[in-house]
Amino acid sequence: MVLQYDERSGGHVEEAADLVERLKSFMKRSSILVVTEDTQACRAEGGCTPDAIAEAIRSTCRQARRDLVEDSLSEWSSESRAWFMQQMEEAKRGVGYEGTGYVSCSQCQLGSYNPSAGLTFCASCPASKTTAIYSSKSASECVCLAGYFLLVDGSCQPCFPGTFKPAIGNGECTVCGTGKFAIGDGSTDASLCICKQGYFGADCLPCAAGSYKNSTGSGDYCSITSIFTKSDSNTSCVPCEPGTNKINLGDYACVSCPENYYSEAYALDTACKPCPAFTTSAAGSSRIEDCQCVAGYTNFNGSNGCVPCAAGPYKNFAASFICTLCPENTYSSAIGATSVLQCTSCPLHSTSIPGASKLEDCKCDSGFQKIGVDCVSCGLGRYGNGTEACKDCPADTYSITTLSASVASCLPCPSNSVAPSSSVNVLACRCKEGYTANSDGVACAACQSGYYKNYQGKGPCVACAIGFYMQTAASVTIDDCLPCPALTTTLANGSSLISSCLCQVGYYKDQISDNACTPCPSDTFSAQIGAVASTTCKPCFTYAKSAAGSYECSCVPGYYRSYSDVLGYCLPCPSGTYYDIALKSCQNCPASTYNPDIAVIGACLPCPNHSHSNTNGSTQISSCSCDPGYYNQSLGVCVACVPGKFKTADSPQGKPCEVCSMGFRV
């Protein structure tokens, strides 16, 4: 006889009475039991008493510890051997049983447990809880009943309306499928999820357009009648197929595992297994692989479930595929994103690669820089690659575009011109020092030798003064203008060679001589620059003199220069004038003086006593008139009027003094 093991009943095949009968039969026929008085009694008809059964079990337990017993059990099924060994261990410990002895100990029933050996009763699980097996040994084996779920405080709460839980355990309640609703608390089966109003049929399909349903339940219909059929009954029971289950006795058909559950084995008589965390499955799923990652999750890993999509990708459907990257120019920092709508567009003027996970992944376009969260144009005269701060175009370049990506967009200034950094047009390019042009923004030419320019911008070069020369071009300073050698000068401004320096006026130099310039002798002059012979030194004219090296002759004191011809000559200062040595020129005699002579040096003659003249430049003594109250006795002699006579200032010069009128006196 082979004992059959049934884990649903915790090892019990049938009721206790039937078990006793089976044990009696087994002991009578078994050759492995230890032979004792009691086991011999069990072999006799009617001699297998409960005490004999207990002693037979105890004897067999002792024997089972030996290797010989293991060999003897080799013909048993693996389930029978496991059950038998468990019975022997429980017989020793007594944990999970109640009663006063081995024979009278009973297994703790479902919903109870015994944590210690020797107790006479099993403790009951708290309300709304039960155990999954018989002979439970700990309160931790008490789990929520079907239709209940575990709260954080350890108690069990009935499933809310619209949800159900078909099996015992501490898992969550399952939401009824689309179009379904479970009425009341504590629903234990998906079949209790009935159609909502507006849904009909076994699958609770939505009413078609133009029809309605204002009642609950799957048996009703909208505008059409749903017809259902039942398969023919078999004469014998067959195991439930994978994807279905049946947890109670009866002739009803196996039902499909609900959504988010699966069943892999035939004839499974426990609840369908829930899909791993963050997975979902269709009703009737028969493999764990049928559990697909929910939207926002990926990387299915068997019983470990799925992991959320990382920041950057999203997944908008249930499947075990990889997550989809957010499109380019968007980003998403959400973990487990379920829609492309969670991918946020990058700010204006910025881009990103697919799958960007943060705002910082949005890089500004070329020609822009990030200020805060915005991308701002670099503007004219600047450039930027979008990842760094904008940079100024270098000095001596300019940029006319606002979206410059690199320094290559900064155009060079025209030749020989300069500009400050970040210049925005060609007019910012101005001639540098030593170069000239008529306007800004054009190529500039170097100042020629003999000229310099010490400022930037448009404008002419400045010539070296007469007496200086410059041999270099593009000069930037007046210091480059070199003075001509001693006693030489140039004919014009802007001389470029030392050979332009010629003997100055009053000097001469032989063409074949390297000697310094020779001054013209005294009382000669030369007004020619660059004279090359002594013959250019001309003698001074009459009444003129000169020092050596003079370019002109000066009149002697008392004479003045007349330019009535090309050379000119010296004339004496005329009468009525005198030669002022300090001023070196002829001056008119002042009032009350006169000069009848020529070439007088120093001063004119004064009028006689008691006389005067009112005009300048008088030439004769007769120009001197007697003062009022005086009369002209003779030329140059003025005498006072006698008492009783007078003479006014406007009286004629030769008129005598006049007599005072009667009654008046002087």
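I am working on a predicted model, in which local features need pLDDT of at least 70 and side-chain atom pairs count only at pLDDT 80 or more, while totals for chains, interfaces and linings use all residues. I number residues from 1 along each chain as its sequence is written, and my side-chain values use heavy atoms, with hydrogens and water left out.

**Entry: Cys573 and Cys586**

I took a disulfide to be a pair of cysteine sulfur atoms within 2.5 Å, and by this rule I counted 29 disulfides. One of these joins Cys573 to Cys586, at an S to S distance of 1.8 Å. The torsion about this S-S bond is about -80°, so I recorded the disulfide of Cys573 and Cys586 as left-handed. Cys573 sits in the loop between strand S52 (569-572) and strand S53 (577-580) and Cys586 in strand S54 (residues 585-588), so the pair ties together parts that are 13 residues apart in sequence. For the element names I used DSSP runs numbered from the N terminus, helices being H or I of at least four residues and strands E of at least two. Cys573, at 0% relative accessibility, counts as buried.

**Entry: Cys589 and Cys604**

I then found that Cys589 and Cys604 form a disulfide with their sulfur atoms 1.7 Å apart, and that this link is left-handed, with -80° about the S-S bond. The pair links distant parts of the chain, 15 residues apart, with Cys589 in the loop between S54 and strand S55 (593-594) and Cys604 in the loop between S55 and strand S56 (605-606). Both Cys589 and Cys604 are buried. By contrast, I saw that Cys660 is in no disulfide, since the nearest cysteine sulfur, that of Cys641, is 9.0 Å away. Cys660 counts as buried, at 16% relative accessibility.

**Entry: Cys176 and Cys193**

Cys176 lies in the loop between strand S10 (174-175) and strand S11 (180-182) and Cys193 in strand S12 (residues 193-195), so the pair ties together parts that are 17 residues apart in sequence. Cys176 counts as buried at 8% relative accessibility, and Cys193 counts as buried at 7%.

**Entry: Ser404**

I located Ser404 in the loop between strand S33 (397-398) and strand S34 (411-412), where Ser404 counts as buried at 2% relative accessibility. The side chains of Ser404 and Ser399 are joined by a polar contact of 3.2 Å, meaning a pair of N or O atoms within 3.5 Å, where within protein one must be able to donate a hydrogen and the other to accept it, and residues adjacent in sequence count only if both atoms are side-chain atoms. With contact meaning heavy atoms within 4.5 Å, and not counting residues up to four places away in sequence, I listed residues that Ser404 touches, among them Arg382, Tyr383 and Ser409.

**Entry: His349**

I found His349 in the loop between strand S26 (344-345) and strand S27 (350-351), partly exposed with a relative accessible area of 32%. Not counting residues up to four places away in sequence, His349 touches Cys364, Asp365, Phe368 and Cys375. I also noted that His349 and Gly386 are 37 residues apart in sequence and 9.3 Å apart in space, C-alpha to C-alpha.

Conventions: Buried < 20%, exposed > 50% of the residue type's maximum accessible area, 1.4 Å probe, protein only.
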